[in-house]
Amino acid sequence: MLFADSFVDLFVVEFAEQLLQQEVYFVELFVLVEQVVLVVLEELVDFEGTTYPMTGVFRGRAVMKKNLRALGYYEGNMQAGSWMGNKGDIITGHVFHWSQLENLPDQTSFQLELIKENRMVLADGLCFRNTWAGYIHVHLAGCEKVMNNFLNICRKYKKGPKKGL
């Protein structure tokens, strides 16, 4: 299952309500959440300050800000291994978001160090079991390894969630 949308920041409450109604189980399914990391947190605070419950796969909340938090093309240096790749792999993609992550547990470790113009800009990418969520929208044509990993794990899941995941 792949959730990716460049403008979901602006419609995240409606998006999360639809997911909650569908009872998506992120820890059983294989899920790649791009640019909608907000919905896998516990709460979202919208532009007016209203708090909404989200899916709660990861602890913390996203707070919408009046200004863009990040925009542009980035390289992501993998800081830990996951189905996305190995530590040290480079993933390319673009980032567009208005929210800021808050109240994350102290032990939160991010999968990617996003680099723009040869300097570290921000940490991104949360991973728990089969769910990988981040602001970066991975350019799969430029990241053949990630694309192959994605397809392979989808094939394994098709055979059954208990067989290989």
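## Cysteines first

Search the whole structure and you find 0 disulfides, a disulfide being a pair of cysteine sulfur atoms within 2.5 Å. In general, a disulfide is a covalent bond between the sulfur atoms of two cysteines. Here C127 is partly exposed, with a relative accessible area of 29%, while C143 counts as buried at 6%. (Buried means under 20% relative accessible area, exposed means over 50%, and partly exposed is in between, using a 1.4 Å probe and protein chains only.)

A word on what you're looking at: this is a predicted model, where local features need pLDDT of at least 70, side-chain atom pairs count only at pLDDT 80 or more, and totals for chains, interfaces and linings use all residues. Residues are numbered from 1 along each chain as its sequence is written, and side-chain values use heavy atoms, with hydrogens and water left out.

## The sheet of four strands

Let's start with an open sheet of 4 strands, in the order β4-β3-β5-β8, with mixed pairing. Its edge strands are β4 (51–53) and β8, each pairing on one side only. From one strand to the next, the twist averages 25°; axes here are lines fitted to C-alpha atoms (for helices, over the stretch in contact), and angles run from 0 to 180 degrees between N-to-C directions. Strands are DSSP runs of E with at least two residues, helices are runs of H or I with at least four, and both are numbered from the N terminus. Two strands pair if DSSP finds at least two bridges between them.

Zoom in on β3 (residues 43–45): this strand pairs with β4 in the antiparallel sense over 3 bridges. E43 stands opposite P53 in β4.

## Around strand β8

N103 sits in the loop between β8 and β9 (112–116) and counts as exposed at 58% relative accessibility. N103 and R61 are 42 residues apart along the chain, yet their C-alpha atoms are separated by 6.1 Å.

## The sheet of five strands

Another open sheet has 5 strands in the order β10-β9-β6-β7-β13, and the pairing is antiparallel. The edge strands are β10 (119–124) and β13, each pairing on one side only.

Strands β6 (residues 70–78) and β7 (residues 90–97) pair over 8 bridges, with A70 opposite H97. Then 2 bridges join β7 to β13 (residues 137–138): H94 stands opposite H137, and G93 has V138 as its bridge partner.

## Helix α2 and its two sides

Helix α2 (residues 144–159) has 16 residues and reaches 23 Å from its first C-alpha to its last, close to the 22 Å expected at 1.5 Å a residue. That expected span is 1.5 Å times one less than the number of residues.

Which residues of α2 are buried? They are V146, F150 and I153. Seen down the axis of α2, these buried residues fall within an arc of 75°, so they line one face of the helix; the arc is that of the directions from the helix axis to the C-beta atoms. The face turned away from the buried side carries the exposed residues E144, K158 and K159.
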